[in-house]
Amino acid sequence: MLACKEINGLPASENPTELSADNWTIVRKQAGLNIRKQCMHCLEPSCASVCPVKALHKTPEGPVVYDASRCIGCRYCMLACPFGVPTYEWDKRLPKVQKCVMCYDKLVKHGKQPACAAACPTGATKFGEREDLIREAEARIANDPGHYVDHIYGLKEAGGTSVLYLSPVAFADLGFPGVVDESYPKLTWDILTKIPNIVSVGGVALFGIYWVVNRRMMMERLEKGKVEEKEGGAS
Amino acid sequence: MSKWTRTTWRSIFIAIMALGLYAAFIRITRGLGATTNLTNDFPWGLWVGFDILVGVGLAAGGFVIAATVHIFNIKRYHAIARPAILTAFLGYLLVIFALMFDLGRPDRIWHPLVMGNPHSVMFEVAMCVMLYTMVLGLEFSPLIFKRLGWERPQKIIHSLYIPIVILGVLLSTLHQSSLGTLYVIVPTKLHPLWYTPLLPVFFFISAIAAGLAMTIFESYLSARAFGRRLEPELLQGLARVIVVLLAVLLVWKIQNLSGRGSLHYAFEPSTESVMFWGEVLLGIALPMGLLMFARVRESNDGLFFAAMLTIMGFILGRLNVAITGIMGSSTTNYVPSWMEFAITTSIVALGFVLFSTAVRHLEVFPQVERRTAAREAFMPRRPVFAGRVLLGLWGFLLVGFALVSFIDTRNGPDAATARVDEATFAPIVGYGDFNPPEETRIPQHEDSPGQVIFDHQTHTDLKEPGCASCHSGTYSMLGNDASRPDWVKMDFHDKNHCGGCHDGDNAFDLEDDDECASCHME
C-alpha cells in the first residue's frame with residue numbers, strides 16, 4: 001500500500017477501507033485476515049471492452065493500463081467492472097479515472113516486479129508468470145489442504161484474471177464479489193456482431209417494402225386514371 | 001390559456017432555469033463530486049438514467065412516424081410527421097447537451113470519432129446518435145429551407161428523402177436497442193428482475209411504444225397551446241399500435257423472467273419488487289388495458305391520460321434499469337442531489353420552450369388547421385388537466401425515489417455498518433511470515449563515528465509491524481536506490497528521523513560514546 005503510494009505519488013490517507021482515486025490498493029481486515037484489494041487485471045477486461053475511446057487496454061505482459069489523455073469521463077468502465085475497481089476523481093474539474101496499473105510503465109514493462117510485490121515483507125503478494133503462479137497455488141493447496149480453501153480466486157472468475165488469490169476462508173465471506181466465470185466482454189460482443197446483419201437485412205427489407213408499397217399505389221393511381229379517362233370519354 | 005396560468009407557468013419556468021443555471025455553474029467550476037450524489041460504486045445516476053436513456057427513448061416517435069409515412073406510405077399520418085420529427089430532433093440535441101454535464105471531460109466529446117473502440121457498445125451508441133441527429137436535421141431541414149425561401153436545397157433533400165428516412169430507421173433501431181445492450185455487460189450488478197440478454201429487444205419495443213405515446217402527448221399539448229385541432233383518428237391509430245406493443249412487452253417480460261428462473265424475485269418483499277410491479281402494472285398493464293377500450297381511445301382526455309401512463313411507465317422502466325436495479329449491488333444509497341434534478345428539469349423545460357418556439361416560427365403544423373382551429377369540435381378541454389398530469393408525473397417519480405430511499409430492506413445503512421463492525425472486531429492473524437529486509441546499511445557520513453546498520457527485527461512488533469509510522473513519506477518503501485544518495489545529507493539524529501522516536505530532538509546522547517556505539521557499530 002505504502003509502496004504503491006510512493007511509486008505512484010499518491011497522497012497519504014488514514015486507513016482507507018475502499019479503493020479510491022488516491023488509494024489504488026487497500027488492505028482490509030476481515031474475518032481475521034488481511035485482504036488486499038486492487039485491480040484484478042482480467043484476461044478479458046470488461047473495462048477495456050466498454051471504453052468507447054480505448055483509454056484502457058490489456059498489455060501483452062498482463063497489466064490493464066489507462067491512458068488519461070483519451071478518457072472522456074463517461075465512467076462506463078466503473079459500471080462495467082465486476083470487481084468495482086476503477087474509481088473517479090470526483091472533486092476535480094478535469095477528472096481522470098484511477099486504478100492499479102500494476103506499475104506497468106514504471107516497472108513491469110522493464111522486466112521488474114510491481115512495487116507492491118517488491119515491498120511485501122511476508123511473501124503474501126507474489127509476482128510472476130500466470131502459469132507459474134497457478135502451478136504454485138495448486139501445489140500449495142495440495143500440500144496443505146487443511147489450511148487453504150480449494151479455490152484459486154481468479155483462475156476462472158470473469159473469464160480468468162491476472163491477479164490470483166488463495167485463502168483459508170471462503171471468498172464469499174471475505175467480501176469478494178460473486179462474478180460469473182464467463183468472459184464479460186463476450187456478453188455484449190455476441191450482440192454487437194449482429195449489427196452488420198441487422199443493417200444489411202434491414203436496409204434491403206425497408207427498401208423492398210418501400211418499393212412494393214409505392215409501386216402498388218402507383219398502379220392503383222394509374223388504374224384509377226384509366227377508369228376516369230374511360231368515363232370521361234363515354235360521356 | 002388565461003393570463004393567470006401563463007404568468008404562473010412563466011414564473012415556474014424562470015425558477016427552474018435559475019436553479020438549473022446555478023447547478024450548471026457549480027458543475028462546470030467544481031466538478032461532478034460537488035454537483036451530484038454519484039460515488040465510485042454508483043457511477044451512473046439520474047443524468048444517464050433520465051437525460052440519456054429516457055430522452056433518447058421518448059424521441060423514438062420520430063423514426064416510427066417517418067417510416068410509417070414515407071416507407072409504409074400510410075400518407076394520412078403525414079399531418080403528425082413534422083411535429084414528431086421536430087420532437088425527435090430537439091430531443092436528440094438536448095440529449096447531447098445533457099451528456100455534456102454528465103461527461104467528466106465534455107471537451108473531449110469528439111474522441112469516440114477518432115479513437116473508436118468497435119468492442120464498445122457505448123461507441124456504437126455514440127456514433128448512431130451522432131449520425132441520427134444529422135439525419136433528423138436533414139429530415140427537418142425542408143421546413144427551414146421553406147421558411148428561408150431556398151428552393152434548391154429543398155429539392156435536393158426531397159430527392160434523397162427515402163434513403164435518408166431508411167438510414168434513420170436503421171440507426172434508430174440500432175441505438176434504441178443498444179442502450180439496453182449497455183447493461184448486458186453487468187450481469188452481476190443489475191438485479192435479475194431486469195437483467196436479461198434480451199434487454200436490447202425490450203428497450204427497442206418500449207421505446208417505440210413510448211415514442212408513439214409521446215406523439216399523442218405532444219399533439220394534445222400543442223392542440224391546446226396553439227389552438228389547433230387534434231387528429232383524433234390518427235392518434236387513435238397510434239393508440240392501437242401502443243396496445244399491441246405493450247401487450248408484447250408485458251407477455252415477453254414475464255415469460256422471459258420465468259424462463260430465466262427469476263420470477264420469484266418479483267414476489268419477495270424488496271424495493272426492487274415494488275418498483276418492478278409499479279413499472280409492469282401501472283406503466284404497462286394499466287395503459288394497455290385502458291387503451292383497449294374504444295371509449296377511452298375516443299375520448300381526448302382518456303387517450304391523453306393513457307399516453308401519460310405509458311410515458312411514466314417507460315420512464316420508471318428506464319430508471320429501474322439505471323438506478324433501482326443497480327443499487328442492490330452497490331453500497332451507495334443513491335438519491336439524486338437537488339442539483340442533478342435542477343439540471344435535468346431545466347433541460348426538459350428547455351425542450352418545451354424550443355418546441356413551442358419552433359412551432360411559432362416554422363410551419364410545423366399545416367397552416368389550414370391553425371386557421372380553422374377555433375371552429376373545430378375537437379378542441380381539448382381547459383388546460384388545467386394537463387398541468388395536473390404533469391405534476392402527477394413528477395409526483396410519481398418523487399414517490400419512486402422516496403420508496404427507493406426509505407423502504408430499502410437489503411442495502412440500507414445497517415448492512416454497511418455491519419460490514420465495518422466485522423472489520424473492526426475481527427482478530428488479526430497472519431503476520432507469522434513477516435520477514436523484513438535483514439539489515440539496512442545507512443550510508444556513512446564523513447563526520448560519523450561508524451556505520452549505522454538499521455535492523456527491522458528490533459524496530460518492529462512482529463505481530464503488528466505498523467510499517468506506516470516510518471514508511472509513509474520519510475523512508476522509501478521500495479528501497480529505491482535513487483533516493484539513497486540523499487541519505488548522506490540527512491541528519492538522522494533529528495526529530496524527523498531516528499530522533500522522532502528515540503528521545504525527541506536528538507537521538508540519544510550525542511556526548512556519550514557508549515550510546516553512539518549502540519548504533520554506529522562499525
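**Figure 1. Strands β1 and β2 of chain A pair in the antiparallel sense.** In this predicted model, strand β1 of chain A covers residues 26-30 and strand β2 of chain A covers residues 33-37. Five bridges join the two strands. Two of the facing pairs can be picked out by name. K29(A) stands opposite N34(A) in β2(A), and V27(A) has R36(A) in β2(A) as its bridge partner. Together β1(A) and β2(A) make a hairpin, with two residues between the strands. In the turn, A31(A) has a positive phi of about 50 degrees.

**Figure 2. The side chains of β1(A) alternate between two faces.** In a regular strand the side chains alternate between the two faces of the sheet. Which residues of β1(A) point to one face and are buried? They are I26(A), R28(A) and Q30(A).

**Figure 3. Chain A and chain B are in contact through 71 residues of chain A and 72 residues of chain B.** The two chains bury about 6,200 Å² between them, and 66% of this area is on carbon and sulfur atoms. L2(A), L79(A) and W90(A) supply 12% of the area that chain A buries against chain B, more than any other three residues. Between the two chains there are 23 residue pairs in polar contact, counting pairs with both residues at pLDDT 80 or more. Helix α7 of chain A (residues 195-234) gives 12 residues to the side of chain A that touches chain B, the largest share. Sorted by class, that side of chain A has 46 nonpolar, 16 polar and nine charged residues.

**Figure 4. One salt bridge is found across the interface of chain A and chain B.** Side chains of opposite charge can pair when their charged atoms come close. The partners here are R75(A) and D102(B). Their closest N and O atoms are 2.9 Å apart. Over all chains, the structure holds 13 salt bridges.

**Figure 5. K92(A) and E89(A) meet in a salt bridge within chain A.** The distance from N to O is 3.2 Å. Are the two partners buried or exposed? K92(A) counts as partly exposed because its relative accessibility is 43%. E89(A) has a relative accessible area of 8%, so E89(A) is buried. Elsewhere in chain A, a network of salt bridges links K126(A), E136(A) and R140(A).

**Figure 6. R105(B) forms a salt bridge with D107(B) in chain B.** The closest N and O atoms of this pair are 2.9 Å apart. R105(B) counts as buried because its relative accessibility is 12%. D107(B), with a relative accessible area of 43%, is partly exposed.

Figure 7. The closest N and O atoms of K146(B) and E363(B) are 3.7 Å apart.

**Figure 8. T68(B) lies in helix α4 of chain B.** This helix covers residues 61-71. T68(B) has a relative accessibility of 16%, so T68(B) counts as buried. Which residues is T68(B) in contact with, leaving aside its neighbours within four places in sequence? The contacts are with N73(B), I74(B) and Y77(B).

**Figure 9. T458(B) has its place in helix α18 of chain B.** Helix α18 of chain B covers residues 456-459. T458(B) counts as exposed because its relative accessibility is 62%, and the cut-off for exposed is over 50%. T458(B) and I28(B) are 430 residues apart in sequence. From C-alpha to C-alpha, T458(B) and I28(B) are 53 Å apart in space.

Definitions and conventions
Residues numbered from 1 in each chain as written. Chains lettered and ligands numbered in written order. Predicted model: local features only at pLDDT ≥ 70, side-chain atom pairs only at ≥ 80, totals over all residues. Heavy atoms only, no water. Contact = heavy atoms within 4.5 Å. Buried area = accessible area lost by both parts, 1.4 Å probe. Salt bridge = Lys/Arg side-chain N within 4 Å of Asp/Glu carboxyl O. Polar contact = N/O pair within 3.5 Å; in protein donor to acceptor, adjacent residues only side chain to side chain. Helix = DSSP H or I, 4+ residues; strand = E, 2+ residues; numbered from the N terminus. Nonpolar A, V, L, I, M, F, W, Y, C, P; charged D, E, K, R; others polar. Buried < 20%, exposed > 50% of the residue type's maximum accessible area, 1.4 Å probe, protein only. Pairing = 2+ DSSP bridges.
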